[in-house]
Amino acid sequence: MLAAPLAACSSRSDASGSSGGVQVVASFYPLAEAAQQVGGSFVSVDNLTAPGVEPHDLELTPQQIEAIDTADVVLYLGGGFQPAVEDALGDATGAVIDASASLRNLPVPAGESDASLTADPHVWLDPTLYQQIVDEVRGALSQADPAHAQAFTANADAYGRQLEQLDGEYRSGLGHCERSLIVTSHAAFGYLSARYGLTQEPISGLSPDAEPTPQHLAALKDLVEREGVTTIFTEELVSPKVAETLANEAGATTAVLNPLESLTPDEAGAGDDYVSVMRTNLATLRTALGCT
Ligand SMILES: [Zn+2]
């Protein structure tokens, strides 16, 4: 399954320099999607995180480091989300853009096991903040290729309207619910929760690979029973084992809530994208929270 997207990815890399357009390297899916939406046919976008790969603590190949060095624009998310990417930026010759530097305002919670993080990185899951990332990308592409700035602005405006509509759907869709507590696999939904009045209790912390303690799991089980939580949320790219055990013990079910850190090869192949996955997430949340 991985062969096709990887091949497509590397052929784009091979073409860098020879094909026209702004050469963009994006460190993971939401930034690649923003660059593609804004840049259209005037950009060539290389995503460092292959489909189905979890982007937290991504490791880079020498070819990817070379791609960072030579790109016209490098889009990344700072604050310790992908330290290997941040380490590789020193030799970049193009523009280097931390697309969410001013947006990361949720602190790292006490007890977080990922010591490299300086803030909660998951800003892209709030459509309103994602719109600001799109605008940052518009600015970066317009500087790199001023001749097409007008097209970039038109594309960013059109995509921004889709994101505004998505925000409206979330506001009305989550406006009248029986419950507001979401138990998630890792703490990816803090910004989304803050925007739409939800409360998040994660099994792991801000990074998906942290093992929860037995004490934390026991406290979560009590909370799920006390609050009548119906659904424990899992992710495609993280083992659902702990979530399934918790759900079984507490009499709840599981459902996938996608943190959009990477599309799986199946999702990419089916034409899914940020907006369509966010709509699926909204339907999943509405069912789990008893929204009318
Ligand atoms: Zn995450």
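Mentor: We shall take helices, strands and backbone angles in turn. The model is predicted: local features need pLDDT of at least 70 and side-chain atom pairs count only at pLDDT 80 or more, while totals for chains, interfaces and linings use all residues. Residues are numbered from 1 along each chain as its sequence is written, and side-chain values use heavy atoms, with hydrogens and water left out.

Trainee: At what angle do the axes of helix α2 and helix α5 cross?

Mentor: Helices here are DSSP runs of H or I with at least four residues, strands are runs of E with at least two, and both are numbered from the N terminus. Axes are lines fitted to C-alpha atoms, for helices over the stretch in contact, and angles run from 0 to 180 degrees between N-to-C directions. The axes of α2 (residues 29–39) and α5 (residues 127–144) cross at roughly 60° and come within 9 Å. That makes α2 oblique to α5; angles under 35 degrees count as roughly parallel, over 145 as roughly antiparallel, 65 to 115 as roughly perpendicular and the rest as oblique. Residues of α2 in the contact include L31 and E33, and those of α5 include Y130 and I133; contact means heavy atoms within 4.5 Å.

Trainee: Is L31 buried or exposed?

Mentor: Buried means under 20% relative accessible area, exposed over 50%, and partly exposed in between, with a 1.4 Å probe and protein chains only. L31 has 2% relative accessibility, so it counts as buried. Leaving out residues up to four places away in sequence, L31 touches A26, L75, Y76, L77, A99 and I133.

Trainee: What does E33 touch, beyond residues up to four places away in sequence?

Mentor: E33, also in helix α2, touches Y130, Y159, D273 and Y274. E33 is buried, with a relative accessible area of 10%.

Trainee: Which residues make the contact between α2 and α6?

Mentor: First, the geometry: the axes of α2 and α6 (residues 149–173) come within 7 Å and cross at roughly 120°. The two helices are therefore oblique to each other. The contact is made by E33, Q37, V38 and G39 of α2 and A151, F152, N155, A156 and Y159 of α6.

Trainee: Which residues lie on the covered face of strand β6?

Mentor: In a regular strand the side chains alternate between the two faces of the sheet. In β6 (residues 199–202), Q200 and P202 form the covered face, and T199 and E201 the uncovered one. Strand β5 (residues 181–184) pairs with β6 in the parallel sense over four bridges; two strands pair if DSSP finds at least two bridges between them. Q200 of β6 is the bridge partner of I182.

Trainee: Where is S193 found?

Mentor: S193 is found in helix α7 (residues 190–196). S193 is buried, at 4% relative accessible area. Apart from its neighbours within four places in sequence, S193 is in contact with I182, L198, T199 and Q200.

Trainee: What is the phi of D57?

Mentor: Most residues other than glycine have a negative phi. D57 has a positive phi of about 55° although it is not a glycine. D57 is found in the loop between β2 and α3 and is partly exposed, with a relative accessible area of 34%. L260 likewise has a positive phi of about 55° and is not a glycine. L260 has its place in the loop between β8 (253–256) and α10 (265–269), and counts as buried at 0% relative accessibility.
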